Structure formats: structure tokens, C-alpha cells
Amino acid sequence: MALMPRLRQLLRRQRSSSRVGARRPTDTRRRGDTVHEDSLRAMLHDDPNDERAFTALADLVRRHAVESTNPDDPLTAAAEESQRETSADLAVWSLAEELAGHPKAWRPLVELGRLSIADDPEGALRRFATAAERDETGEALAQGIEALRDAGRPVDGLGLGIGHWRVREQRAEVGRQLVLAALESDRVFEAKQHLEALDSHPDTVAVARLRPELVAAVEAAETAGSPT
């Protein structure tokens, strides 16, 4: 079963009142997992961007989704492996969609963007942009640019970053992602501009830590582009 058609169904369904923090009832989960899940959901109800809680709960719902399939028949092992992966992605999608209803949630939106980027890049960009707008620190923006780079869409990452980065207010990692996205887009001059912009960043320690890698990357790109 393809992932994205199921994801589209989730996107098109009408949302009811928020269920953030609500545990889905099931008869198959062990009591220890149920208590753990309730605890994680309570933490995410208070802070939907809690990285440890979100990662732990996503791992938990992935495992539950995988365990709900039947892997015992070796004749259908390959198909069942694909089904398990799809079920796990759908479980995380459903979780992230619930948590994204929180007005301050950005981490679930980044996860939704990652899950949808291959089949729905425009939707992914909207989710990354909304996440960036909800997060003042720039972490969501940096993660969105990185996800687009990883998906082979550095130009989209550049557009996202240029539209949202506030160099004096957000973490220097955004600048690093912009430099790398520009280089991967064969825009060396633009990469140098973003590198220079980092000089005005107030966190001089962070910039000093990032500069050697970025300077070397820019120089390597310039050398590669020079005529021999």
C-alpha cells in the first residue's frame, strides 16, 4: 500500500476538536507501554516541541504499528516489510498531525514536512514555512532547510531560509544550512554572501565554530568552478 495516498486521506479528513495529548485506546499494548505513552503525551501536551518526548513517542507508535502486522509468513516477507514501514510512517503522521494542532507546535510540522516532501513538495514547503514562523529560535527553519537539502531540493531550502532567517535573532545553524544549500545549488556567490552575513551574528562563539567548515566548502566550490 502506498504511503502518500493514505496520507492524502488524512490531510483531506475533517478535523474535530483538538485531541492533543489524548491516548488512542487499544487492547494490544502492554500496560508499561500504555503508561509510558500517557506520560509522553502529557509532556507533549505541555510542550509539543519537546524533542526527547516527541522522538520517544514517535518510536513507540512506530513499534506498535509494526507489531500490529503479521511477519510470520516468509512467502510474503517483502510485502509485509513494506506494509510495516508504511504503517509506521502513517502512525507517526497521525501523531504529528494531532500535535501540530497546538498553536505553538513546530516540531510536528517539520516531521509532517519530512514525511510528505517526496510526494507533495509544495505541501512540505508550507509546513516548513509554518514551522519556521512558529519558532523564534530558528531551529525549525534550520531543520526545514536541512530536510530539503537531504531530499535533493537545495534551491527550495534557499528560498525557505531567505524568506525567514533573521540573522541577529536566530541561531547561527540557519546560516550554515543556507551556505550549504547555496553551494549545493551551484550558487557560490550567494553562499559567500550568507557566510558574510554570519559575521553580524551575536553568537560569535557559534560562528567561530562553524566558519572553518563553511570557508573550506566555499573555497572548494570556487576551486572546482575555476577554469583549468
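I looked up Asp 33 to begin with, and found its place in helix H2, residues 31–46, where helices (H or I, at least four residues) and strands (E, at least two) are DSSP runs numbered from the N terminus. The model is a predicted one, in which local features need pLDDT of at least 70 and side-chain atom pairs count only at pLDDT 80 or more, while totals for chains, interfaces and linings use all residues. Residues are numbered from 1 along each chain as its sequence is written, and side-chain values use heavy atoms, with hydrogens and water left out.

Is Asp 33 buried or exposed? Asp 33 counts as buried because its relative accessibility is 12%; buried means under 20% relative accessible area, exposed over 50%, and partly exposed in between, with a 1.4 Å probe and protein chains only. Leaving aside residues up to four places away in sequence, I noted that Asp 33 touches Leu 60, Arg 63 and His 64, contact meaning heavy atoms within 4.5 Å. I also noted a separation of 10.0 Å between the C-alpha atoms of Asp 33 and Val 61, which lie 28 residues apart along the chain.

I went on to Arg 62, which sits in helix H3, residues 51–67. Arg 62 has a relative accessible area of 27% and is therefore partly exposed. Not counting residues up to four places away in sequence, Arg 62 touches Ala 88, Asp 89 and Val 92, and its C-alpha atom is 9.7 Å from that of Thr 86, 24 residues apart along the chain.

Of the 228 residues in the chain, 44% are buried, and among contacts between residues at least 6 apart in sequence, 62% join residues at least 24 apart.

Next I took the pair H6 (residues 121–134) and H8 (residues 154–164), whose axes come within 11 Å and cross at roughly 25°. That angle makes H6 roughly parallel to H8. Axes are lines fitted to C-alpha atoms, for helices over the stretch in contact, and angles run from 0 to 180 degrees between N-to-C directions; those under 35 degrees count as roughly parallel, over 145 as roughly antiparallel, 65 to 115 as roughly perpendicular and the rest as oblique. On the H6 side I found Leu 125, Phe 128, Ala 129, Ala 132 and Glu 133, which meet Asp 156, Leu 160 and His 164 in H8.

The second pair I looked up was helix H7 (residues 139–150) and H9, which pack at an angle of about 20° with their axes 9 Å apart. H7 is thus roughly parallel to H9. Among the residues making this contact are Leu 141 and Ile 145 of H7, and Val 174 and Leu 178 of H9.
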